Amino acid sequence: DTNLSTTTIGNALRGATLAITRSRTAPRVVTSSATRYFSANPHVVVDKFVSSPPPTPSSANAEALRHPNDVHDRNANYSDEDSRSMAGVTASVRHNWTKEEIAELYSLPFHELMYRASTVHRMYWDPAEVQQCTLLSIKTGGCTEDCSYCSQSTRHKTFVKPTPTMKVQEVLEAAKRAKDAGSTRFCMGAAWRELGNKKNAFNHILDMVKGVNGMGMEVCCTLGMLNAEQARQLKEAGLTAYNHNLDTSPEHYPKVITTRTYEDRLDTIANVRDAGISVCCGGILGLGEKDTDRVGLLHVLATLPEHPESVPINALVAVEGTPLGDADADDETESDGIADVDAFDMARMIATARIVMPRTMVRLSAGRLSFSDAEQFLMFQAGANSIFNGDKLLTTDNPAFDADTSLFQKLGFVGKPAHAGPRVAPTEVTGEVEITQVKGMEQQYA
């Protein structure tokens with residue numbers, strides 16, 4: 001029954017002490033308490049099991065233990081999953097989080113928050129696998145928006161000088177260098193408010209997407225606002241993901257940007273999602289926001305119709321000439337949290353994102369150059385499993401490829417291959433995770 005209410009399912013879970021135990025050696029058994037409950041509620045089956053470990057795989061087979069690459073296919077595989085539990089921590093993919101619930105998690109003592117997030121991360125992901133993305137600015141400067149953190153706005157006097165859109169071949173050569181350095185997702189950013197009627201530029205971008213996709217890399221773009229038809233064409237060209245950040249909470253947003261509304265951003269995200277493109281959407285810490293704004297941003301992301309495939313968490317890199325950069329540099333001005341972001345702030349945000357969106361990739365993004373290897377490890381332990389690599393993120397500095405290669409070797413990380421789904425969590429493979437499923441009776445016995 002696809003119309004089962006949340007209350008009915010919740011009652012089913014509370015009514016069954018243990019519904020069905022699944023293993024390779026024992027038949028399914030329904031306990032008497034569960035049988036009594038389900039006799040009165042015949043449309044609900046609760047299946048709580050610990051997956052039995054399969055035979056020890058060879059190294060060749062071990063690599064095959066992967067989820068589908070398409071996020072929609074991955075989510076469909078777990079559509080009947082209610083929750084996962086391990087080591088005293090229970091997590092689930094939910095879209096009905098309240099701000100109060102998220103605030104309670106965000107405000108946990110740091111050691112407890114880290115424990116919960118790290119445990120959730122291991123229930124859903126292989127913590128040794130980290131996605132490597134490269135971001136290239138294909139059109140720099142000259143943007144008409146007034147984002148108070150951005151060095152590319154025409155309204156701010158910064159070191160950035162406007163440049164025309166790069167030629168297709170130049171972009172493909174940059175993508176090839178990124179691939180040779182180990183990157184598997186290539187992201188292209190253009191500094192403008194929206195694609196609008198830029199037909200020639202858009203056709204060139206479609207060629208770039210096709211070319212990068214043809215190299216065997218995943219392709220991401222961030223091009224400002226999109227309409228539904230533009231999103232459809234990008235999907236047809238082979239675009240994997242589209243980045244469109246919300247930046248901060250709806251309440252703090254007007255203090256940062258006035259030329260584009262929060263609803264404008266949500267509309268673009270909806271167009272991308274409806275076209276079947278993976279959504280990449282996150283925010284920036286250090287915009288003068290309060291903790292309540294960080295919670296507010298996570299609340300918006302966690303209550304979208306579908307959680308983003310990836311959530312970038314950025315630390316503001318203050319640039320002289322921007323309103324936020326100048327406020328940060330002025331010793332006589334109270335910064336009020338502008339660019340005042342440390343490793344604990346980043347880890348707390350990443351950890352909370354990991355708990356409320358357990359199947360979402362959390363990307364450690366801008367500002368990484370200011371954190372030591374040990375501080376970055378703290379963020380990976382909090383649940384980050386993707387990074388931007390390469391020496392530039394649009395216009396700001398980033399660790400070089402060699403530095404990240406050394407970091408991966410030091411921490412024992414491996415990169416996620418392109419066009420391959422993430423590894424199945426080792427704790428799921430070995431049976432350490434208890435998984436509770438709820439499904440309709442006719443589905444269970446079809």
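## Close-up views of a predicted model

**View 1. Ring pairs link Phe380, Phe408 and Phe413 into a cluster.** The model shown here is predicted. It holds four aromatic pairs. One of them joins Phe380 and Phe413, edge-to-face, at 4.9 Å centre to centre and with 80° between the planes. Phe380 lies in helix α14, whereas Phe413 sits in the loop between α15 (401–411) and β15 (414–415), so this pair ties together parts 33 residues apart in sequence. Phe413 also pairs with Phe408. Here the ring centres are 5.8 Å apart and the planes stand at 90°, so this pair too is edge-to-face.

View 2. The cut-off is under 20% relative accessible area. Phe413 has 13% relative accessibility, so Phe413 counts as buried. Phe408 has 5%, so Phe408 counts as buried as well.

**View 3. Helix α6 meets helix α14.** Two packed helices are described by the angle between their axes and the distance between the axes. Helix α6 spans residues 110–124 and helix α14 spans residues 373–382. Their axes come within 7 Å and cross at roughly 60°. On the α6 side, the contact is made by Phe110, Met114, Ala117, Ser118, His121 and Arg122. On the α14 side, Leu378, Phe380, Gln381 and Ala382 take part. By type, the contact residues divide into six nonpolar, three polar and one charged.

**View 4. The largest nonpolar core has 97 residues.** Phe186, Ile205 and Leu234 have the most contacts inside this core. Which helix gives the most to the core? Helix α13 (residues 343–356) does, with nine residues. A second, separate core has six residues, among them Cys133, Leu135, Cys187 and Cys220. In soluble globular proteins, nonpolar side chains tend to be buried together.

**View 5. Phe186 and the residues it touches.** Leave aside residues up to four places away in sequence. Cys220 belongs to the second core.

**View 6. The whole chain has 17 helices and 16 strands.** Of its 446 residues, 54% count as buried. The chain exposes about 19300 Å², and carbon and sulfur atoms supply 52% of that area. Among contacts with a separation of 6 or more, 76% join residues 24 or more positions apart.

Terms used: Residues are numbered from 1 along each chain as its sequence is written. This is a predicted model: local features need pLDDT of at least 70, side-chain atom pairs count only at pLDDT 80 or more; totals for chains, interfaces and linings use all residues. Side-chain values use heavy atoms; hydrogens and water are left out. Axes are lines fitted to C-alpha atoms, for helices over the stretch in contact, and angles run from 0 to 180 degrees between N-to-C directions. Helices (H or I, at least four residues) and strands (E, at least two) are DSSP runs, numbered from the N terminus. Contact means heavy atoms within 4.5 Å. Ala, Val, Leu, Ile, Met, Phe, Trp, Tyr, Cys and Pro count as nonpolar, Asp, Glu, Lys and Arg as charged, and the others, Gly among them, as polar. Buried means under 20% relative accessible area, exposed over 50%, partly exposed in between (1.4 Å probe, protein chains only). Accessible areas come from the Shrake-Rupley method with a 1.4 Å probe; for residues, only the protein chains shown count as cover. A nonpolar core is a set of buried Ala, Val, Leu, Ile, Met, Phe, Trp, Tyr and Cys residues joined through side-chain atoms within 4.5 Å. Rings of Phe, Tyr and Trp (its six-membered ring) pair if their centres lie within 6.5 Å; planes under 30 degrees apart count as stacked, over 60 as edge-to-face and the rest as tilted.
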